[in-house]
Amino acid sequence: MPAPTLLRQPSRTLVIAAAVPLALAALADDVRVRRQLEAARRDPLTGLHLRDGYTSRARQITERHRADALVILVDVDHFKQINDTHGHAAGDRVLAATAQRLAAWAGSRGITGRLGGDEFAATVRIGPVHRRPRLEQLAVTLAVPVDVGDRLVDVAVSIGAAAPDTVGTTDLSHLQRAADAAMYAGKHTGHPVFAGRSHATVPSGNGRRLGRPGTHSLGAEA
(Lines give C-alpha, C1' and ligand atoms only; values in the text may rest on other atoms or scores of the structure.)
Protein backbone atom coordinates (compact mmCIF):
# COMPACT_ATOMS: atom_id res chain seq x y z
CA MET A 1 0.00 0.00 0.00
CA PRO A 2 1.54 3.30 -1.00
CA ALA A 3 2.46 5.74 1.75
CA PRO A 4 -0.06 8.53 2.24
CA THR A 5 0.86 11.84 0.61
CA LEU A 6 1.40 14.63 3.13
CA LEU A 7 -0.63 17.78 2.46
CA ARG A 8 1.69 20.73 2.09
CA GLN A 9 0.88 23.93 3.91
CA PRO A 10 0.63 27.03 1.74
CA SER A 11 3.86 28.92 1.72
CA ARG A 12 4.17 32.24 3.55
CA THR A 13 4.56 33.96 0.19
CA LEU A 14 1.24 32.66 -1.09
CA VAL A 15 -0.55 33.72 2.10
CA ILE A 16 0.85 37.23 1.85
CA ALA A 17 0.04 37.41 -1.86
CA ALA A 18 -3.55 36.47 -1.16
CA ALA A 19 -3.85 39.01 1.66
CA VAL A 20 -2.47 41.98 -0.28
CA PRO A 21 -5.52 42.50 -2.54
CA LEU A 22 -7.81 42.36 0.49
CA ALA A 23 -5.70 44.93 2.32
CA LEU A 24 -5.63 47.22 -0.72
CA ALA A 25 -9.39 46.93 -1.12
CA ALA A 26 -9.91 47.81 2.55
CA LEU A 27 -7.56 50.80 2.17
CA ALA A 28 -9.41 51.97 -0.94
CA ASP A 29 -12.71 51.74 0.92
CA ASP A 30 -11.27 53.73 3.81
CA VAL A 31 -9.98 56.45 1.47
CA ARG A 32 -13.34 56.53 -0.31
CA VAL A 33 -15.23 56.94 2.97
CA ARG A 34 -12.86 59.68 4.11
CA ARG A 35 -13.35 61.56 0.85
CA GLN A 36 -17.12 61.24 1.12
CA LEU A 37 -17.07 62.56 4.68
CA GLU A 38 -14.80 65.42 3.68
CA ALA A 39 -17.07 66.29 0.73
CA ALA A 40 -20.07 66.34 3.05
CA ARG A 41 -18.33 68.96 5.19
CA ARG A 42 -17.78 71.29 2.24
CA ASP A 43 -20.06 73.66 0.41
CA PRO A 44 -20.86 72.08 -2.98
CA LEU A 45 -20.82 75.41 -4.84
CA THR A 46 -17.59 76.93 -3.55
CA GLY A 47 -15.69 73.97 -2.11
CA LEU A 48 -15.12 75.86 1.14
CA HIS A 49 -15.71 74.34 4.56
CA LEU A 50 -19.22 74.62 5.91
CA ARG A 51 -19.83 76.35 9.24
CA ASP A 52 -19.10 73.40 11.55
CA GLY A 53 -15.88 72.34 9.84
CA TYR A 54 -14.68 75.92 9.56
CA THR A 55 -15.48 76.71 13.19
CA SER A 56 -13.54 73.74 14.51
CA ARG A 57 -10.36 74.66 12.63
CA ALA A 58 -10.73 78.39 13.27
CA ARG A 59 -10.96 77.82 17.04
CA GLN A 60 -7.68 75.93 16.95
CA ILE A 61 -5.96 78.89 15.30
CA THR A 62 -7.33 81.55 17.67
CA GLU A 63 -6.57 79.50 20.78
CA ARG A 64 -3.08 78.33 19.79
CA HIS A 65 -1.81 81.42 17.97
CA ARG A 66 -3.19 84.38 19.92
CA ALA A 67 -0.34 86.70 18.89
CA ASP A 68 -0.94 86.43 15.15
CA ALA A 69 -4.49 85.11 14.71
CA LEU A 70 -6.92 87.14 12.62
CA VAL A 71 -10.64 86.47 12.10
CA ILE A 72 -12.23 87.90 8.95
CA LEU A 73 -15.81 88.15 7.73
CA VAL A 74 -16.67 89.01 4.13
CA ASP A 75 -20.02 89.98 2.59
CA VAL A 76 -20.66 90.46 -1.13
CA ASP A 77 -22.40 93.83 -1.45
CA HIS A 78 -25.64 94.12 -3.46
CA PHE A 79 -25.63 90.39 -4.16
CA LYS A 80 -29.40 90.28 -4.70
CA GLN A 81 -28.99 92.93 -7.37
CA ILE A 82 -26.39 90.75 -9.12
CA ASN A 83 -28.84 87.84 -9.16
CA ASP A 84 -31.74 90.02 -10.32
CA THR A 85 -29.72 91.74 -13.06
CA HIS A 86 -27.51 88.96 -14.40
CA GLY A 87 -29.26 85.78 -13.25
CA HIS A 88 -28.58 83.19 -10.57
CA ALA A 89 -25.94 81.41 -12.65
CA ALA A 90 -23.92 84.63 -12.70
CA GLY A 91 -24.50 85.01 -8.97
CA ASP A 92 -23.15 81.51 -8.40
CA ARG A 93 -20.03 82.38 -10.37
CA VAL A 94 -19.50 85.47 -8.27
CA LEU A 95 -19.78 83.40 -5.08
CA ALA A 96 -17.41 80.74 -6.42
CA ALA A 97 -14.86 83.34 -7.52
CA THR A 98 -15.04 85.14 -4.18
CA ALA A 99 -14.48 81.84 -2.35
CA GLN A 100 -11.50 80.89 -4.54
CA ARG A 101 -9.88 84.28 -4.10
CA LEU A 102 -10.40 84.25 -0.33
CA ALA A 103 -8.96 80.73 -0.03
CA ALA A 104 -5.92 81.65 -2.15
CA TRP A 105 -5.34 84.73 -0.02
CA ALA A 106 -5.59 82.76 3.24
CA GLY A 107 -3.20 80.10 1.97
CA SER A 108 -1.91 77.20 4.04
CA ARG A 109 -1.75 79.26 7.25
CA GLY A 110 -5.50 79.73 7.43
CA ILE A 111 -8.94 78.21 7.07
CA THR A 112 -11.84 79.54 5.00
CA GLY A 113 -15.54 78.81 5.12
CA ARG A 114 -18.89 79.76 3.68
CA LEU A 115 -21.21 80.67 6.53
CA GLY A 116 -24.26 80.96 4.28
CA GLY A 117 -25.59 82.99 1.38
CA ASP A 118 -23.02 85.58 0.35
CA GLU A 119 -21.21 85.53 3.70
CA PHE A 120 -17.72 84.08 4.01
CA ALA A 121 -15.21 83.76 6.81
CA ALA A 122 -11.49 83.17 7.20
CA THR A 123 -9.21 82.71 10.17
CA VAL A 124 -5.55 83.14 9.37
CA ARG A 125 -2.17 83.62 10.98
CA ILE A 126 -0.85 87.07 10.13
CA GLY A 127 1.51 89.08 12.34
CA PRO A 128 0.28 92.47 13.63
CA VAL A 129 2.64 94.46 11.39
CA HIS A 130 1.26 92.86 8.23
CA ARG A 131 -2.45 92.85 9.06
CA ARG A 132 -3.57 96.10 7.48
CA PRO A 133 -1.55 95.73 4.26
CA ARG A 134 -2.84 92.16 3.83
CA LEU A 135 -6.43 93.25 4.44
CA GLU A 136 -6.12 96.03 1.86
CA GLN A 137 -4.66 93.45 -0.53
CA LEU A 138 -7.67 91.20 0.11
CA ALA A 139 -10.10 94.06 -0.56
CA VAL A 140 -8.44 94.79 -3.91
CA THR A 141 -8.39 91.09 -4.85
CA LEU A 142 -12.05 90.49 -4.05
CA ALA A 143 -13.16 93.61 -5.94
CA VAL A 144 -11.81 92.41 -9.31
CA PRO A 145 -14.73 91.95 -11.77
CA VAL A 146 -15.83 88.35 -12.28
CA ASP A 147 -16.13 86.73 -15.69
CA VAL A 148 -19.55 85.07 -15.78
CA GLY A 149 -19.23 83.73 -19.31
CA ASP A 150 -20.54 86.46 -21.56
CA ARG A 151 -19.63 89.54 -19.55
CA LEU A 152 -17.69 90.88 -16.58
CA VAL A 153 -19.68 91.58 -13.43
CA ASP A 154 -18.46 94.26 -11.06
CA VAL A 155 -18.08 93.04 -7.49
CA ALA A 156 -17.92 94.97 -4.23
CA VAL A 157 -17.30 93.44 -0.83
CA SER A 158 -17.35 94.51 2.80
CA ILE A 159 -14.66 93.16 5.12
CA GLY A 160 -14.39 93.17 8.89
CA ALA A 161 -11.48 91.75 10.87
CA ALA A 162 -10.79 91.05 14.54
CA ALA A 163 -7.73 89.83 16.42
CA PRO A 164 -7.40 88.47 19.97
CA ASP A 165 -4.87 91.10 21.05
CA THR A 166 -7.08 94.03 20.02
CA VAL A 167 -10.48 92.62 21.01
CA GLY A 168 -9.17 91.08 24.22
CA THR A 169 -10.29 87.47 23.81
CA THR A 170 -9.44 84.27 21.94
CA ASP A 171 -13.10 83.17 21.93
CA LEU A 172 -14.06 82.68 18.29
CA SER A 173 -17.72 83.67 18.73
CA HIS A 174 -16.70 87.01 20.29
CA LEU A 175 -14.10 87.61 17.59
CA GLN A 176 -16.66 86.90 14.86
CA ARG A 177 -19.14 89.23 16.54
CA ALA A 178 -16.51 91.98 16.58
CA ALA A 179 -15.53 91.31 12.95
CA ASP A 180 -19.20 91.36 11.96
CA ALA A 181 -19.76 94.73 13.65
CA ALA A 182 -16.60 96.13 12.06
CA MET A 183 -17.68 94.88 8.64
CA TYR A 184 -20.99 96.70 8.89
CA ALA A 185 -19.31 99.84 10.19
CA GLY A 186 -17.48 99.99 6.87
CA LYS A 187 -20.30 98.67 4.68
CA HIS A 188 -20.08 99.87 1.05
CA THR A 189 -16.89 101.88 1.67
CA GLY A 190 -14.62 99.44 -0.17
CA HIS A 191 -12.18 99.40 2.76
CA PRO A 192 -11.74 96.72 5.42
CA VAL A 193 -12.40 97.73 9.02
CA PHE A 194 -10.31 96.44 11.90
CA ALA A 195 -12.31 95.79 15.07
CA GLY A 196 -11.54 97.17 18.49
CA ARG A 197 -12.97 96.21 21.87
CA SER A 198 -16.07 98.33 21.32
CA HIS A 199 -17.11 96.24 18.34
CA ALA A 200 -17.31 93.13 20.53
CA THR A 201 -20.00 94.77 22.68
CA VAL A 202 -22.42 95.55 19.85
CA PRO A 203 -25.84 94.01 20.72
CA SER A 204 -26.46 90.72 18.96
CA GLY A 205 -29.02 87.97 18.69
CA ASN A 206 -28.48 84.39 17.51
CA GLY A 207 -24.79 85.20 17.23
CA ARG A 208 -25.32 88.05 14.75
CA ARG A 209 -25.41 91.83 14.90
CA LEU A 210 -28.98 93.00 15.54
CA GLY A 211 -30.67 94.02 12.31
CA ARG A 212 -29.06 91.27 10.25
CA PRO A 213 -31.22 88.49 8.78
CA GLY A 214 -31.84 85.76 11.32
CA THR A 215 -31.58 87.88 14.45
CA HIS A 216 -35.34 87.93 14.98
CA SER A 217 -35.79 84.16 14.89
CA LEU A 218 -35.88 82.06 18.03
CA GLY A 219 -32.49 81.14 19.44
CA ALA A 220 -30.07 81.76 22.23
CA GLU A 221 -28.57 85.21 22.31
CA ALA A 222 -24.83 85.38 21.81
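In this predicted model, the buried residues of helix α3 are Phe79, Ile82 and Asn83. Around the axis they cover an arc of only 95°, and therefore they lie on the same side of α3. The face of α3 that is turned away from this buried side carries exposed residues, namely Lys80, Gln81, Asp84 and Thr85. The cover over the buried residues of α3 includes strand β1 (69–76), helix α4 and strand β5 (152–153).

Helix α3 spans residues 79–86 and helix α4 spans residues 88–106. Just after α3, Gly87 takes a positive phi of about 100°. The axes of α3 and α4 come within 6 Å and cross at roughly 140°. An angle over 145 degrees would count as roughly antiparallel, so α3 and α4 are classed as oblique to each other. On the α3 side, the contact involves Phe79, Ile82, Asn83 and His86. Sorted by class, the contact of α3 with α4 has 5 nonpolar residues, 4 polar residues and no charged residues.

Helix α2 contributes Tyr54, Thr55, Ala58, Arg59 and Thr62 to the contact, while α7 contributes Leu172, Leu175 and Gln176. By class, the contact of α2 with α7 has 4 nonpolar, 3 polar and 1 charged residues.

Charged side chains also make pairs in this structure. Side chains of opposite charge can pair when their charged atoms come close. The structure holds 8 salt bridges. One of them joins Arg125 to Asp68, with 3.7 Å between the closest N and O atoms. This pair links distant parts of the chain, 57 residues apart: Arg125 is in strand β3 (residues 119–125), and Asp68 is in the loop between α2 (51–64) and β1. Arg125 counts as partly exposed because its relative accessibility is 28%. Asp68, at 16% relative accessibility, counts as buried, because the cut-off for buried is under 20%.

The side chains of Asp75 and Lys187 meet in a salt bridge, at 3.6 Å from N to O.

Another salt bridge is formed by Arg151 and Asp150, whose closest N and O atoms are 2.6 Å apart. Arg151 is partly exposed, with a relative accessible area of 34%. Asp150 is exposed, because its relative accessible area is 58%, where the cut-off for exposed is over 50%. Among the salt bridges of the structure, some share partners, and these join Asp68, Arg109 and Arg125 into one network.

Terms used
Residues are numbered from 1 along each chain as its sequence is written. This is a predicted model: local features need pLDDT of at least 70, side-chain atom pairs count only at pLDDT 80 or more; totals for chains, interfaces and linings use all residues. Side-chain values use heavy atoms; hydrogens and water are left out. Axes are lines fitted to C-alpha atoms, for helices over the stretch in contact, and angles run from 0 to 180 degrees between N-to-C directions. Helices (H or I, at least four residues) and strands (E, at least two) are DSSP runs, numbered from the N terminus. Angles under 35 degrees count as roughly parallel, over 145 as roughly antiparallel, 65 to 115 as roughly perpendicular and the rest as oblique. Contact means heavy atoms within 4.5 Å. Ala, Val, Leu, Ile, Met, Phe, Trp, Tyr, Cys and Pro count as nonpolar, Asp, Glu, Lys and Arg as charged, and the others, Gly among them, as polar. Buried means under 20% relative accessible area, exposed over 50%, partly exposed in between (1.4 Å probe, protein chains only). The arc is that of the directions from the helix axis to the C-beta atoms. A salt bridge is a side-chain nitrogen of Lys or Arg within 4 Å of a carboxyl oxygen of Asp or Glu.
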